[in-house]
Amino acid sequence: MTGGRARWAAMLGVAAAVSALLAATGWLAPTPAKRPAAQDPDGCTILQAENERDGAPTTLRLLSLPDGTTKRLTQAGYWINAMGYSAAQDVVYGVADGTPRGRYDHGAHAVRIDASGVVTDLGVVGRAGAQRPVWSLVTGATAGAIAGNRWYVRQDSDLYTVDIDPASADYVRVAHRTALRPVSLAAGVDDFAYDPSSGLLLGVSTTSRGDSSVVSLDPSTGKVAVVPGLVFPRGGAYGSVVLGPGAIYATANRDGRRSVTYRLPRDGSGPAVEVSTGPALVSGDAAGCFAEAAPPPPPPPPPPPPTTTSETPSPTPTTSPPPSPTSTTPAPEPPPPSQPPPVEQPAAVAPTPTPTPTPEATPTPRAVEPPPPPLPSKRRVQPTEEPPPVVQDTAVRTQEKRRWGLTALILVLGGGAAVGHVRRHR
C-alpha cells in the first residue's frame, strides 16, 4: 500500500511459478530474456491480494502497471487484507483474519511475507504493553500502509499505528489509536497508500459524501479531507490503492462481474483510465508500487571489465622496454662511439708520411685538404713516380730552346746582311 521500491520487486518471486512478468518485476532472479521492457516513466509493479469469496484463501498476484499485465503468484493460505510494504525490511505485512480452517479465536493475526514468498504468522495483534493479547484490535481491518516502522491500519473509523520494529518489545503491537473524522468520509476508505512527500495517507472514499473521490488522512490528527479534482468512477469499494510515479492506481472490487484497476494522474491532468480487469472480488488489497527502474543497474556491471582491461595495459609495461633500449643506448655509452672518431683522426696522422715527403713542397698544397686524409697518402705515392718524368720534360725543353735560339740567331744575321746589301746598292 506504500510507494514501494525496486528491491521488493527482487524479493517476492517464485521462479518456477512465474515467467515473463516475474522477470519484469524483479521479484525473483532476473531473467532479462523474458522481462518486458518497461520504458513508461510511470511503470511499476504491485502485489495484489485477491479474495474471490468469503473464507477462501487469498490469491497473490503481480500486476504490472500501467500496461495492466497480471500473473498469478501463489495462494497464500490465509485470508489477508490491509497490506503494507516495509522498504526498510523488504517485507510485506498484512492482517490475516483466519485460514481455510476458519477465523482465529482471538481476532486477526499479523502475517509477514518475506523475500522467498513464504507467509509467516506473527500472532495476534494486541495492545502495546499487554502481557497477553486478549483480542486483536485490528480484526476486520481493510486498509493498510507502512511508513518506516509504523504500520497504519484502518478498522472502521479508527486508525491504528502498529509497531513493526523487530527490535522493539512491542513488535507487532498497537502503539497508538487515532479517531478518523469525519466518519462520513473515513468509513468508505477501504485502502490507502502513504505519501512520503506530504506525510498523509491517500485513499478513495466511496460513501455518499466521498462519491469515489480521493481523500487524504492525517495520521497525527485523524482528519480526513477530499482532494479536489481527483475522482475515480463510481462503483463498489476500492479495495486496492497504491501510489505510482505521477499517478494513483485503485482497483474497484466489483464492477458487474469483474474487478477493474484504474490509473488517475495525480496532477488532475486527465480522468481515470482503465488499465486492467480481473475476477470480481469480495475484498482485495495491494502493496507497492515497486519501481521497475532497478533493472538498469545490471548494465553497470559490464563497465568494470573495461577497468580491468585498463589495468592490463599497466602490467604490460612493454612500454618499459622502450626505456630499456634507451638504456641499451644510454648516454654513458656515447663516449665509446666518440672514441672511434679519434681513431679516424689518427688515420689522418699523416705526420708519419710527412717526414719523407716534407721536402716536396708541391704536395703540400694538396695536403692542405685535411678532410680526406687517405687521399693525400695516395697522391704522395704518385710523386715518387713523377720525378723522372719531370727530368725528362726539362731535357726536351732545353733542346727545343737551343734549336729556337740557333734559328733566331740565323735569322738575325741573315736580316743584317740583307740590310747592308740594300744600303750598298743605294
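This is a predicted model: local features need pLDDT of at least 70, side-chain atom pairs count only at pLDDT 80 or more; totals for chains, interfaces and linings use all residues.
**Salt bridges and sheets: a friendly walk-through**

Colleague: Is glutamate 274 buried, partly exposed or exposed?
Modeller: Its relative accessibility is 38%. Buried needs under 20% and exposed needs over 50%. Since 38% falls in between, glutamate 274 counts as partly exposed.

Colleague: And what about arginine 258: buried, partly exposed or exposed?
Modeller: The relative accessibility here is 30%. The in-between class runs from the buried limit of 20% to the exposed limit of 50%, so arginine 258 counts as partly exposed.

Colleague: How many salt bridges does a search of the whole structure find?
Modeller: One of them joins aspartate 54 and arginine 103, with the closest N and O atoms 3.8 Å apart. Another joins arginine 177 and aspartate 158. For the whole structure, the search gives a total of seven.

Colleague: How many residues apart are aspartate 54 and arginine 103?
Modeller: These two form a salt bridge. It links distant parts of the chain: aspartate 54 sits in the loop between β1 (44–51) and β2 (59–65), while arginine 103 belongs to strand β7 (residues 102–103). Both residues are exposed.

Colleague: What is the distance between the closest N and O atoms of arginine 177 and aspartate 158?
Modeller: Arginine 177 is partly exposed, with a relative accessible area of 47%, whereas aspartate 158 is at 13% and counts as buried. Together they form a salt bridge, and the closest N and O atoms are separated by 2.9 Å.

Colleague: Why does arginine 61 count as buried?
Modeller: Arginine 61 is found in strand β2. Residues it touches, leaving aside those up to four places away in sequence, include Ile46, Leu47, Thr70 and Leu73. Buried means under 20%, and arginine 61 is buried because its relative accessible area is 17%.

Colleague: With which side chain does the side chain of arginine 61 make a polar contact?
Modeller: A polar contact needs N or O atoms within 3.5 Å. Here the distance is 2.5 Å. The partner is the side chain of glutamate 50.

Colleague: How many bridges join β11 to β12?
Modeller: Strand β11 (residues 150–155) and β12 run antiparallel. Glutamine 155 stands opposite aspartate 158 in β12. The number of bridges joining the two strands is six.

Colleague: In β5, what is the bridge partner of asparagine 81?
Modeller: Another open sheet has four strands in the order β4-β5-β8-β9, with antiparallel pairing. Within it, five bridges join β4 to strand β5 (residues 91–96). The bridge partner of asparagine 81 is valine 95.

Note on methods: Residues are numbered from 1 along each chain as its sequence is written. Side-chain values use heavy atoms; hydrogens and water are left out. A salt bridge is a side-chain nitrogen of Lys or Arg within 4 Å of a carboxyl oxygen of Asp or Glu. Buried means under 20% relative accessible area, exposed over 50%, partly exposed in between (1.4 Å probe, protein chains only). A polar contact is a pair of N or O atoms within 3.5 Å; within protein, one must be able to donate a hydrogen and the other to accept it, and residues adjacent in sequence count only if both atoms are side-chain atoms. Contact means heavy atoms within 4.5 Å. Two strands pair if DSSP finds at least two bridges between them.
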